[in-house]
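We will go from one stop to the next.

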Amino acid sequence: QVQLVESGGGLVRPGGSLRLSCAASGIIFTAHGMGWYRQAPGTQRELVATITPSGNTNYVDAVKGRFTISRDNAKDTVSLLMDSLKPEDTAVYYCNAKTLSGRNRGNQYWGLGTQVTVSS
């Protein structure tokens, strides 16, 4: 059974920082690209950042230079360090795993999400 469990969300003031973590189980971690998505009320879920098994990263323009995605292949975890947070970063953040090879290539798995609220 695949599980992605997020942690680290909360309330932070503008300009502050938060670190989100996602622990994966039930998958071969190094066979999956990992990512963070977010969804604000009334909007569609959007990509925030992705990281390949070898550590190549990709960010949406809105977070470039402020957010950093990383992964620990020994611990099956992926993290998102968010600096210089803005009110528009407020959303539920979801961990995502995408199978990159094999007969299940393209399968995607999601965590339940963690709320991030940026407000003074």
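Start with R71 and F29. The charged end of R71 sits over the ring of F29, 4.4 Å from its centre. Keep in mind that this model is predicted.

Next, select R45 and Y94. Here the charged end of R45 lies over the ring of Y94, and the distance to the ring centre is 3.7 Å.

Now go to the aromatic rings. How many aromatic pairs does the structure hold? There is 1 aromatic pair. Y37 belongs to strand β4 (residues 32–39) and W110 to strand β10 (residues 108–110), so the pair ties together parts that are 73 residues apart in sequence.

Show the surface at this stop. Is Y37 buried or exposed? Y37 is buried, because its relative accessible area is 19% and the cut-off for buried is under 20%. W110 is partly exposed, at 34%.

Move on to the backbone. Most residues other than glycine have a negative phi.

Select D76. This residue lies in the loop between β7 (67–72) and β8 (77–82). D76 is partly exposed, with a relative accessible area of 24%.

Finish at S84, in the loop between β8 and β9 (91–99). S84 is not a glycine either, yet its phi is positive, about 50°. With a relative accessible area of 43%, S84 is partly exposed.

Conventions. Residues numbered from 1 in each chain as written. Predicted model: local features only at pLDDT ≥ 70, side-chain atom pairs only at ≥ 80, totals over all residues. Heavy atoms only, no water. Helix = DSSP H or I, 4+ residues; strand = E, 2+ residues; numbered from the N terminus. Buried < 20%, exposed > 50% of the residue type's maximum accessible area, 1.4 Å probe, protein only. Phe/Tyr/Trp six-rings, centres within 6.5 Å; stacked < 30°, edge-to-face > 60°. Lys NZ or Arg CZ within 6 Å of the ring centre and 35° of its normal.
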